[in-house]
Amino acid sequence: MKKQYLITLIVAGAALITACNSGDTRRNPGKTYMPDMTYSRAYDAYTKNDGVTKDSLVSQLPVAGTIARGHALPDHLTESDSIAYRGLTAPYAMGEKELTEGKRLYNIYCGICHGTALDGNGPLYASGKFAAMPANLKGAQYLAMSGGQMYYAIMYGKNMMGSYASQLNHKQRWEVIAYIKKFQSENGGSPFTMGQVGATTAAAPVADSAKATASADTAKKH
Ligand code: HEC
């Protein structure tokens, strides 16, 4: 048994020594069994690579309507894609805590234009420093506006109003909308229904939505 062990050790040792560098520098990398895997063909991402894809570009746009992980709306959305955002609802239940936070955020980011009374008469507009009249969120048109449409306005802005997507994260946007909807419900709007997950945020009838799209599109042309 011991002898066998010794022989194995000698053979293995000899093999190890033979495997070592013989002294010459070897420049030959040896055999390549799968050359197309070892040496992959690299494509330049932003130039044409004939035949690779239908339009020969390696970097492809996502399929239309693709929603990125963690996002609520697809990329490259335009205002006329209203089906994508009008029906959007908050995936959170909006309780007392969220409403308080929504109010705080509203007063930081929106109140300066839309006013703490949501009447569109915030200090920036009232002082004459900002020329465009911010939406009077107590007005009938905005009382009927769905939460999803408001979400769109926060994400992409609306005419003179810029996007607030970078200042507010997904939950914060909905908290602000919940605060607006709650305020509206106490000022002539329909009852507040965002207390439950996935609850609809406003009763905007389809016919009204279509009208709103038409007027929004006209407004955009100015
Ligand atoms: C710099 C001023 C300004 C700030 C800040 C601002 N808005 Fe506006 N907002 C406007 C103006 C101006 C309009 C009217 C745009 C139009 O209809 O031409 C508007 C319109 C809107 C509308 C109506 C959108 C529509 O589809 O008609 C909503 C909802 C709204 N704002 C919500 C918000 C919220 C929420 C915030 C805070 C995150 C905010 N705004 C911050 C200026 C502002």
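**Packing around H8 and H9**

I first looked up the partners of H8, and its buried residues pack against helix H3 (82-86) and H9. I counted a residue as buried if 20 or more other C-beta atoms, placed from the backbone, lie within 10 Å of its own. This is a predicted model, in which local features need pLDDT of at least 70 and side-chain atom pairs count only at pLDDT 80 or more, while totals for chains, interfaces and linings use all residues. Residues are numbered from 1 along each chain as its sequence is written.

I noted that seven of the ten residues of H8 are buried, among them Met150, Tyr151 and Ile154. Just after H8, I found Gly157 with a positive phi of about 80°.

I then turned to H9 (residues 170-185), whose 16 residues reach 23 Å from first C-alpha to last, close to the 22 Å expected at 1.5 Å a residue, the expected span being 1.5 Å times one less than the number of residues. Its buried residues, including Trp174, Ile177 and Tyr179, pack against helix H4 (96-109), helix H7 (140-143) and H8 (147-156).

**Whole chain**

I recorded ten helices and zero strands, taken as DSSP runs (H or I, at least four residues; E, at least two) numbered from the N terminus. Buried residues make up 20% of the 222 residues.

For confidence, I noted a mean pLDDT (the predictor's confidence in each residue, from 0 to 100) of 84, with 84% of residues reaching 70 or more. Over residues 202-222, however, the pLDDT is below 50.

Notes: Buried ≥ 20, exposed ≤ 12 C-beta atoms within 10 Å, placed from the backbone. Contact = placed C-beta atoms within 7 Å.
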